[in-house]
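User: I have a model open on my screen and I'd like to learn how to read it. Could you walk me through it feature by feature?

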Amino acid sequence: MTRRRVWQDDSYEYSDGSNWSDGESSSNEDDDEVFDVEADNNGYETGLSDIDDFDPNDIDVKDAAKLFEGNMYPPEYYVRGIHEFKESALDGEGYSAGSTVLLDGIEDLWNQYCAFIKHDPQRAFESITLAFLNSFFDWLLSQRTGKDGRKKRGTTKSSSLGTYWKVYRLVYERATGEKLDAKLNRKMHRVLKLLAKKHRLSDQKRENRSMTIDNLKEQVETTLRTTKKSFGLGELRILCILFLLLLAPTGARPTSVLLLRFGDIRVVLARDPGGGPHKILIKFTLEFTKTYLGSKDAKTVTIPEVLFDPSLTLSVQTFLLGILFRHRAFEAPSLTYPERLTKLDIHPGEQELPIPLKASMKDVYIFRRAIKTLVSYEISSNKLISYGMMAGWIKRCGEIAGMEVPTIPYNLRYNAGNVFDRSNEVSDATRNLMLDHANSTPFQRHYLGRQIVGDPYAIIRGLKPQNALVQASCSIGHSISKRRPIDLTTDQAASINLHPTVKQLARRIEELRQRRKRSRGAMDECKDAVRKLRSEKQRLKRALKQQIRDEWTDKQAVVDIEAQLNGLGLVEDSTVKASNCPMRPAQKRLVDALMAPVETSIEGQYQRRDVAINAIVAYCAVVEGPATCRTNSSTANIIQQSVKGDPPTSSRLHMAVMSVFITKDEDRPRRCFLCVGEAHHLEPDDPRIDKLIHLFYTSGDLTKHFRRRHLANLQEDDRLQCQVCVMPLDHKMHLQNHARLIHGTVS
């Protein structure tokens, strides 16, 4: 039976998402605390008056002894420190980088507004009135364009308006050194309600639905199998899955997982107290990402290996060890491949054998983005994958999986919090520690599912509750459907061109193109108009796609009901089969290794694990081709017929290689010799070959490609080589001369 909770409403935590706009308004109008701060001790974990908590054993004796040693500096040093101390340098130091960006953003908007109405910003702060604040926030909500004339999405949630007000109060305090008048603050809350009504802001909160373990398995398998989403480099696909697997059991803030370094990982071979073979433990330390008034205590999570795991796609050990072996991260020089793990043992009388990682990789981030090189991709040495990038990958893979609601990393955090809450194995204190909450109030306000996961009617009637069914129906995956559209069709995308705004911009571009030959200003104006047209088309396509997805569930349900009632049964959707493109060879080997059936012996299980780790290591180096293009049923047959008539890949490659050299009787080549050289080393059935041996329309188009794709991405440590001529190139100028003299590519 789930234990009874006692909720303590003694503090308020603002939303712990990475974006303040996800926050909720405080019910107390006088509450000035925006961050995780205890009012009793001014934000510190231990107050200066907490003498009863003093423990002499906590003192570092060597540190304390230094207090009584001789002075390290003369008196003049300390006197100079008094005069040179700048108190202003401490302003804003208590906030994290993300919070500082928000403060600076609101202050910038305040300066823009004051300039717009010809008012001094500092004087406006000092003589602030309710009317002035009302006018400023009315102006803020009416903004439709941002920097460089870019169109803004605008504010749609009343909670976002509440966030702007909370940030403004901190900006006011930073500018004047004083807090805003409490009476003015109370009146402003009523003004905000009127502004929200005037601008039709929604009071609806973001739905905090959970991603259950079954939903997670579907998401991971879709990420592994899909060819509709390309990650550029295979390691990014693996890191996307590893991110989900590390986030799921911890319920941590997504940013803290993205900030993991190799030094935060500890791998241990541990003796099982219950007997049986030794198991690999993965321990990783997560830092608290909300760092207002200093850093908080880090927490360490331990994940033991699951022997005879029915699904290696959910195995943290398999994916993390794959990354560690990929980068040769182990300190032991001989531990270079996973098969050697089975040869390790624990010394008699000891409980574990640490498997240390290299000290040189201690500060290297695990989740790093890929950068383009001359002909390929490689993992950056210091550029992190941003939260926006990771969230975009997860959302796209969720759409491909058939999810109705957008999948976000916080779905896993919501699930972990609710599972911990229902479990008798996890106490309230442990749950709050896992979620980085000071007490249970934030969980109750923001994490406890608003869709009741239980069968209250069965409980009232004395029947057996159908909790499993209700829990599944409340998850994000219960409405999953592979038939749900994930992209616009060709006709739907073309319909955007009939929109009045698009037609108006198109006419404007045609006018500017007629004038640009006579005016330099018209040329720049034309480029700006083309950019605006492209942005407007993308915005309209996103809106149309979302509208179609929102309406599809009910419309398709009516179609299915009518078909069944008219005796047609469940009609199979032909577009689903047409969109299921085959996996690439390397991708198929990876999926087969991770989907291998469970072995019956421990030796077989170790071999199954090692094969999967080796497949992950191999796939990390794979350069993925472009995502498969969508096709409707009418064009699919045409493409299939054209493929049947194509010559074999080997002959096409040979023709492409021969066409990248200068000949006396022909014009300059129109194929990229670097791309053709890369295609020459791929497997014959690799779908990237067609793109790499592409014939450009003119040699000028080839020059543009050579500059943008290759020269612009040339790294200092790249080994230059022409794979067609099989010769090394010394430097960038050598590459350009070789391209011009041998292959006719001018740059």
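This is a predicted model: local features need pLDDT of at least 70, side-chain atom pairs count only at pLDDT 80 or more; totals for chains, interfaces and linings use all residues.

User: Next, helix length. Why does the span of helix α5 agree with what it should be?

Analyst: The idea is to count 1.5 Å a residue and compare that with the distance between the end C-alpha atoms. Helix α5 covers residues 130-141, so its 12 residues should span 16 Å, and its ends are 17 Å apart, which agrees. For α9, 17 residues reach 26 Å, close to the expected 24 Å.

User: Which residues of α5 are buried, and what do they pack against?

Analyst: Buried here means under 20% relative accessible area. In α5 the buried residues are Phe-132, Leu-133, Phe-136, Phe-137, Asp-138, Trp-139, Leu-140 and Leu-141. They pack against α3 (97-116), α4 (121-126), α6 and α7.

User: And what covers the buried residues of α23?

Analyst: The cover includes α9 (234-250), β2 (279-286), α11 (316-326) and α22 (585-594). Among the α23 residues that are buried you'll find Arg-608, Arg-609 and Asp-610, along with Tyr-606, Ile-613, Ile-616 and Cys-620.

User: α9 turned up there. Is it mostly enclosed or open, and how many of its residues are buried?

Analyst: For α9, 16 of the 17 residues are buried, so the helix is largely enclosed by the rest of the structure. After α9 comes Gly-251, with a positive phi near 70°.

User: What does the UniProt record place at residues 234-252?

Analyst: The unreviewed UniProt entry has the feature "transmembrane region" there. In the model, that span is 89% helix and 0% strand, with its end C-alpha atoms 26 Å apart. The unreviewed entry also places "domain: C2H2-type" at residues 722-743. Over residues 722-743 the chain is 45% helix and 14% strand, and the end C-alpha atoms are 10 Å apart.

User: How do I describe two helices that pack together?

Analyst: You give the angle between their axes and the distance between the axes. Take helix α6 (residues 158-176) and helix α7 (residues 182-198): their axes come within 10 Å and cross at roughly 150°. The crossing of α6 past α7 is right-handed. On the α6 side, Ser-158, Leu-161, Trp-165 and Arg-169 make the contact, while α7 brings Asn-185, Met-188, His-189, Leu-192, Leu-195 and Ala-196. Sorted by class, that contact has six nonpolar, three polar and one charged residues.

User: Now single residues. Which value of phi does Lys-118 have, and is it buried or exposed?

Analyst: Lys-118 is not a glycine, yet its phi is positive, near 60°. It's in the loop between α3 and α4. Lys-118 is exposed, at 75% relative accessible area. Phe-308 is another non-glycine with a positive phi, about 55°. You'll find Phe-308 in the loop between β3 (299-304) and α11, and at 35% relative accessibility it counts as partly exposed.

User: What is Glu-399 in contact with, leaving aside its neighbours within four places in sequence?

Analyst: With those neighbours set aside, Glu-399 is in contact with Ile-486, Lys-545 and Arg-549. Glu-399 is part of helix α12 (residues 387-401), and it counts as buried because its relative accessible area is 10%.

User: One last thing: how many residues apart in sequence are Gln-471 and Ser-210?

Analyst: They're 261 residues apart in sequence, but 9.5 Å apart in space, C-alpha to C-alpha. Gln-471 belongs to helix α17 (residues 467-473) and is partly exposed, at 29% relative accessibility. Leaving out neighbours within four places in sequence, Gln-471 is in contact with Arg-422 and Val-453.

Conventions: Residues are numbered from 1 along each chain as its sequence is written. Side-chain values use heavy atoms; hydrogens and water are left out. Axes are lines fitted to C-alpha atoms, for helices over the stretch in contact, and angles run from 0 to 180 degrees between N-to-C directions. Helices (H or I, at least four residues) and strands (E, at least two) are DSSP runs, numbered from the N terminus. A crossing is left-handed if the near helix is turned anticlockwise from the far one by less than a right angle, and right-handed if clockwise. Contact means heavy atoms within 4.5 Å. Ala, Val, Leu, Ile, Met, Phe, Trp, Tyr, Cys and Pro count as nonpolar, Asp, Glu, Lys and Arg as charged, and the others, Gly among them, as polar. UniProt positions are given in the numbering used here, feature names are shortened, and annotations may be inferred rather than shown by experiment. The expected span of a helix is 1.5 Å times one less than its number of residues. Buried means under 20% relative accessible area, exposed over 50%, partly exposed in between (1.4 Å probe, protein chains only).
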